[in-house]
Amino acid sequence: MKKFEPIFTEEERKKLTRKNKAKIRKCLANVDPELIKLHEKTIEDAASYATCLEEINRQIERDGYVDEYQNGENQWGVKKSVAAELKPKYSQIYQGLIKQLKELLPSEGEKDAAAEIMEFLNSGR
């Protein structure tokens, strides 16, 4: 069995999460600051999930979608990797968080702000 090697160090993970949070806040620049305060945890969670998804994607690129395993002396095979199992769930949660944040956007100028969010979603993945 090979030893798991993380993609990011803890400091790199924190730095990327801060960067993702700044991108999200930029997309929400036209939202009432009081609404932003109320949804701060959602912004933090979305930034964190964006970072996790980046790490999961890189791990799948590096290690593939399957892991080899061995149970006992004569039983071995392959199974879906942990990263491959986590990706759909994390993607679903992330998309839900982004949808919640998108609903905060004001109706006027919504197209420009929505375009920024879509640009963010499509960048870095």
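The paragraphs below lead from the overall layout of the protein chain to one helix, then to a cavity and to several individual residues.

The model is a predicted one, and its protein chain contains five helices and two strands. Of the 125 residues in the protein chain, 29% are buried. The accessible surface of the chain amounts to about 8800 Å², and carbon and sulfur atoms account for 51% of that area.

Helix H3 covers residues 40-63, which is 24 residues, and the distance from its first C-alpha to its last is 34 Å, close to the 34 Å expected at 1.5 Å a residue. After H3 comes Gly64, a residue whose phi is positive, near 90°.

Glu40 counts as buried because its relative accessible area is 18%, while the cut-off for a buried residue is under 20%. Once neighbours within four places in sequence are set aside, the contacts of Glu40 are with Lys21 and Arg25. Glu55, with a relative accessibility of 12%, is likewise buried, and, with the sequence neighbours within four places again left aside, Glu55 is in contact with Ile7, Phe8 and Arg13.

A search of the whole structure finds one cavity of 30 Å³ or more, and the volume of the largest cavity is about 50 Å³. Which residues line the largest cavity? The lining is made up of Ile24, Cys27, Leu28, Ile98, Leu101, Ile117 and Phe120. By class, this lining has seven nonpolar residues, with no polar and no charged ones. At least two lining residues come from each of helix H1 (10-27), helix H4 (82-102) and helix H5 (110-122).

Leu101, one of the residues that line the largest cavity, is found in helix H4. Why does Leu101 count as buried? Its relative accessibility is 2%, and the limit for a buried residue is under 20%, so Leu101 falls in that class. Apart from neighbours within four places in sequence, Leu101 is in contact with Ile24, Leu28, His39, Thr42, Ile43 and Ala46; among these, Ile24 and Leu28 also belong to the cavity lining. For Ile43, which is 58 residues away from Leu101 along the chain, the C-alpha separation from Leu101 is 7.5 Å.

Two further residues, each partly exposed, complete the walk. Gln95 has its place in helix H4 and, at 36% relative accessibility, counts as partly exposed, because this class lies between the 20% limit for buried residues and the 50% limit for exposed ones. The C-alpha atom of Gln95 is separated by 9.5 Å from that of Tyr49, although the two residues are 46 residues apart along the chain. Lys14 lies in helix H1, and its relative accessibility of 43% makes Lys14 partly exposed too. Lys14 and Ser48 stand 34 residues apart in sequence, whereas the distance between them in space is 8.7 Å, C-alpha to C-alpha.

Notes. Residues are numbered from 1 along each chain as its sequence is written. This is a predicted model: local features need pLDDT of at least 70, side-chain atom pairs count only at pLDDT 80 or more; totals for chains, interfaces and linings use all residues. Side-chain values use heavy atoms; hydrogens and water are left out. Helices (H or I, at least four residues) and strands (E, at least two) are DSSP runs, numbered from the N terminus. The expected span of a helix is 1.5 Å times one less than its number of residues. Buried means under 20% relative accessible area, exposed over 50%, partly exposed in between (1.4 Å probe, protein chains only). Accessible areas come from the Shrake-Rupley method with a 1.4 Å probe; for residues, only the protein chains shown count as cover. On a 1 Å grid over the protein atoms alone, a cavity is a set of points where a 1.4 Å probe fits but cannot get out, and a pocket is an open set with protein on both sides within 12 Å along at least five of seven lines; lining residues have an atom within 4 Å of a point. Grid points are joined across faces, edges and corners, and a volume is the space filled by probe spheres set on the points. Ala, Val, Leu, Ile, Met, Phe, Trp, Tyr, Cys and Pro count as nonpolar, Asp, Glu, Lys and Arg as charged, and the others, Gly among them, as polar. Contact means heavy atoms within 4.5 Å.
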